[in-house]
Amino acid sequence: MSHQDQLSLEKEACYLKIREKMLSLLSKREHSAFELRRKLQTRFYKSSMFNVYELVERCLLEMQERNFQSDERFASLFVESKINNNQYGPFKILQDLYNRGISKQMSEKIMQKFSNQDLWIQKALNYLERYNKKRKDLRPAVLSHKLYQRGFSWETIEQVIPEYQSRIEHSDSC
């Protein structure tokens with residue numbers, strides 16, 4: 001076996017290790033292409049004398065062609081999960097998508113499906129009710145700041161604060 005054949009076999013073996021790890025990651029949950037690149041390049045960059053970036057990209061392309069990986073599917077599931085499980089506003093969710101390598105265009109397209117203002121008002125009210133259970137500072141300025149930190153728009157905050165204040169006053173008078 002020639003030296004060139006030996007290198008080709010070693011490169012293919014490295015590719016198969018990368019492919020196995022990528023399949024393992026994708027079997028647990030959806031990942032963005034950015035997340036997979038980061039995880040695999042970090043894991044394999046020292047262990048290979050080959051261009052790991054090239055092998056990861058080749059593997060990623062294979063996964064996308066087989067529809068094992070899709071940034072759009074990842075983004076949709078990610079947004080649905082954030083909406084169902086967390087008290088975050090749309091701007092926080094958008095930022096989380098950007099941090100996971102999802103383009104601004106795709107992120108905004110996915111978020112358009114959830115542009116219902118009533119949804120965000122309800123999420124903000126739910127967050128304030130949870131926040132109130134801790135009996136922390138309930139001044140409107142503090143509540144507004146907390147909602148802003150959670151990624152809610154000023155439009156939503158301006159609608160929610162008076163409604164929440166009236167709920168508190170009503171519950172205190174009962």
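I take contact to mean heavy atoms within 4.5 Å. I read helices as DSSP runs of H or I with at least four residues, numbered from the N terminus. The model is predicted, so local features need pLDDT of at least 70 and side-chain atom pairs count only at pLDDT 80 or more, while totals for chains, interfaces and linings use all residues. Residues are numbered from 1 along each chain as its sequence is written, and side-chain values use heavy atoms, with hydrogens and water left out.

Ile-157. I located Ile-157 in helix 9. Ile-157 is buried, its relative accessible area being 1%. Leaving aside residues up to four places away in sequence, I found that Ile-157 touches Ser-144, Leu-147, Tyr-148, Phe-152 and Pro-162. From Ile-157 to Phe-114 I noted 43 residues in sequence and 17 Å in space, C-alpha to C-alpha.

Largest pocket. A pocket here is an open set of points on a 1 Å grid over the protein atoms alone, where a 1.4 Å probe fits, with protein on both sides within 12 Å along at least five of seven lines; lining residues have an atom within 4 Å of a point. I recorded a volume (the space filled by probe spheres set on the points, which are joined across faces, edges and corners) of about 260 Å³ for the largest pocket. Of its 13 lining residues, Pro-90, Phe-91, Met-111, Ser-115 and Trp-120 are the closest to the centre.

Note on methods. Helices (H or I, at least four residues) and strands (E, at least two) are DSSP runs, numbered from the N terminus. Buried means under 20% relative accessible area, exposed over 50%, partly exposed in between (1.4 Å probe, protein chains only).
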